[in-house]
Amino acid sequence: MSSTDTEALLRETLDHALAYLRSSAERPVGVPCDVESLRARLAMPLSEHPMDAQNVVADLVSRATPGLVSSVGPRYFGFVVGGSLPAALAAEWLTAAWDQNAALYKLSPAAMVVEEVVSGWLTEIFGLPSTASVGFVSGCQMASFTGLCAARGEVLRRAGWDLEERGLAGAPPLTVVLGEEAHATIYTALRMLGIGRRQIVTVAADAQGRMRADALAKALGGVSGPLVVCAQLGNVNTGAFDPCEDIAELTHEHGGWLHVDGAFGLWAAASPALRHLVRGAARADSWAVDGHKWLNVPYDSAYAIVADPRAHRAAVANTAAAYLVPGDRGERDAQDWVPESSRRARGFAVYAALRALGRSGLAELVERTCGLARRMAERLAGAPGVAVLNEVVLNQVLVRFAPRGGDGGGDADAFTREVIARVQRDGTCWVGPTVWKGQAAMRISVANWSTSEADADRSVDAILRAARS
Ligand SMILES: *Cc1c(COP(=O)(O)O)cnc(C)c1O
């Protein structure tokens, strides 16, 4: 391919991208096609012969677009999904064009120094020790995997067991204590770390889903040996925060390691008005947090932060290959802090997002989306037959709908699911289902930088319409 062909291709690709982004605010938010029609559009035998790159891209756009979820748009409230800040998206494009291997300083000095700088910004934003080490990973599951890997090695080391040398077989039994509302990805991370279900103790949560410190104290009374406790900042349903201060106190009294899953909730630390919610978080030993949710950087981007860099390195550093010797000026080799070796230079988009927002812009993004969640919750709660199930302390809202003349029990479960299905078919906005304390509920999660009050109002109108029809 000649350089003029490459230029024409990238300019045309820009037009495709802009057309998609322009349409994202107005196209139906759900996916109107089913898996069979998508397979029919996309599946084909791999051709024997090459195809012109411009045709490849144009054809990909036309075949794939109907199956894209418009989560970059302003009225997608499913799961916890952010959009892409323009500066972050642009930096992400450059990251692909630069095609840096972010494993080693030698492979990309700029990527390594940018990660170093962003690490400092992140620990400062979250109010964590400036000496903590940061790994740039794909998502919060991998961030928890990394933090818990460091935890596993360190608590075993404290019990006199050298995990790196001896492996897991025959190691002192380790106990992991989780709140009953721990995110599913914690269980996956533990399973990948060779920690089985019988090693996990779950502790009761309160009505908002916060781990109960008194229940933790009681559970810890029955635990001896190496201990890891996981707290959660930002319950995926309610947005609630575990009481980190008490949990840190109890965990450390028992010689344990405290890991915090703060996938989106840790960003509350960026707001002076909400910072109180993460009180005590700085006393933890490791933290997992996403960038692709509330910071609105493109997928994938998350951060594994560990207070003790030694434990972090011992868990995941690449120590094997003789040709990978570190530099003599403390140059950062990113592969020492993440489970991967070669990977994309994730730091550039985070650097761009944080510079574009500044401290005040970040606080404003967090506060504005929480304000929109409250606005939606208040209007919904004021409508007949509609109940908001959670205290809206953050950006998450749980809503339940009772049919007219129903008994508010089983009827409301079926009706709530029906309202969610109607909203999804309508396409004005997208909301997903959940079950909260045994009751069906609609989840509304506001995490997109581009959502306006008008989008929130239009979405509430669509939801109330669905509940009335
Ligand atoms: C989203 C989420 C995760 C998982 O994050 P990924 O980025 O999907 O790996 C973990 N914990 C909580 C609380 C979450 O909201």
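Visitor: Which residues are the closest to the ligand, and how many surround it?

Guide: In this predicted model, 14 residues surround the ligand, and the closest are Gln141, Asp261, Asp290, His292 and Lys293.

Visitor: How do the residues of the shell around the ligand divide into nonpolar, polar and charged?

Guide: Four residues of the shell are nonpolar, seven are polar and three are charged. Asp and Lys count as charged, and Asp261, Asp290 and Lys293 are among the closest residues.

Visitor: How do you know that strand S6 and strand S7 pair?

Guide: Pairing requires at least two bridges. Strand S6 (residues 286-290) and strand S7 (residues 302-306) share five bridges in the antiparallel sense, and they therefore count as paired. Valine 289 stands opposite tyrosine 303 in S7. The loop between S6 and S7 contains aspartate 300, and a cis peptide bond joins tyrosine 299 to aspartate 300, with omega at about -10°.

Visitor: What is the strand order of the open sheet with mixed pairing, and which are its edge strands?

Guide: The order of this seven-stranded sheet is S1-S7-S6-S5-S4-S2-S3. Strand S1 (133-137) and strand S3 (200-203) are the edge strands, as each pairs on one side only. On average, neighbouring strands of this sheet are turned by 20° against each other, direction ignored.

Visitor: Why are S8 and S10 said to stand at the edges of their sheet?

Guide: Their sheet is open and has four strands in the order S8-S9-S11-S10, with antiparallel pairing. Strand S8 (386-388) and strand S10 (432-436) each have a single partner strand, so one side of each lacks a neighbour in the sheet. The twist averages 40° from one strand to the next. S10 pairs with strand S11 (residues 439-445) in the antiparallel sense over five bridges. The bridge partner of threonine 434 in S11 is alanine 441.

Visitor: What makes the phi value of phenylalanine 79 worth noting?

Guide: Phi of phenylalanine 79 is near 45°, a positive value in a residue other than glycine. Phenylalanine 79 is found in the loop between helix H3 (53-64) and helix H4 (86-98).

Visitor: Into which domains is the protein divided, and what distance separates their centres?

Guide: The assignment gives domain 1 (3-70) and domain 2 (90-353). Taken over C-alpha atoms, the centres of domain 1 and domain 2 are separated by 36 Å.

Key. Residues numbered from 1 in each chain as written. Predicted model: local features only at pLDDT ≥ 70, side-chain atom pairs only at ≥ 80, totals over all residues. Heavy atoms only, no water. Helix = DSSP H or I, 4+ residues; strand = E, 2+ residues; numbered from the N terminus. Axes fitted to C-alpha atoms, helices over the stretch in contact; angles between N-to-C directions. Near = heavy atom within 4 Å. Domains from an automatic or database assignment.
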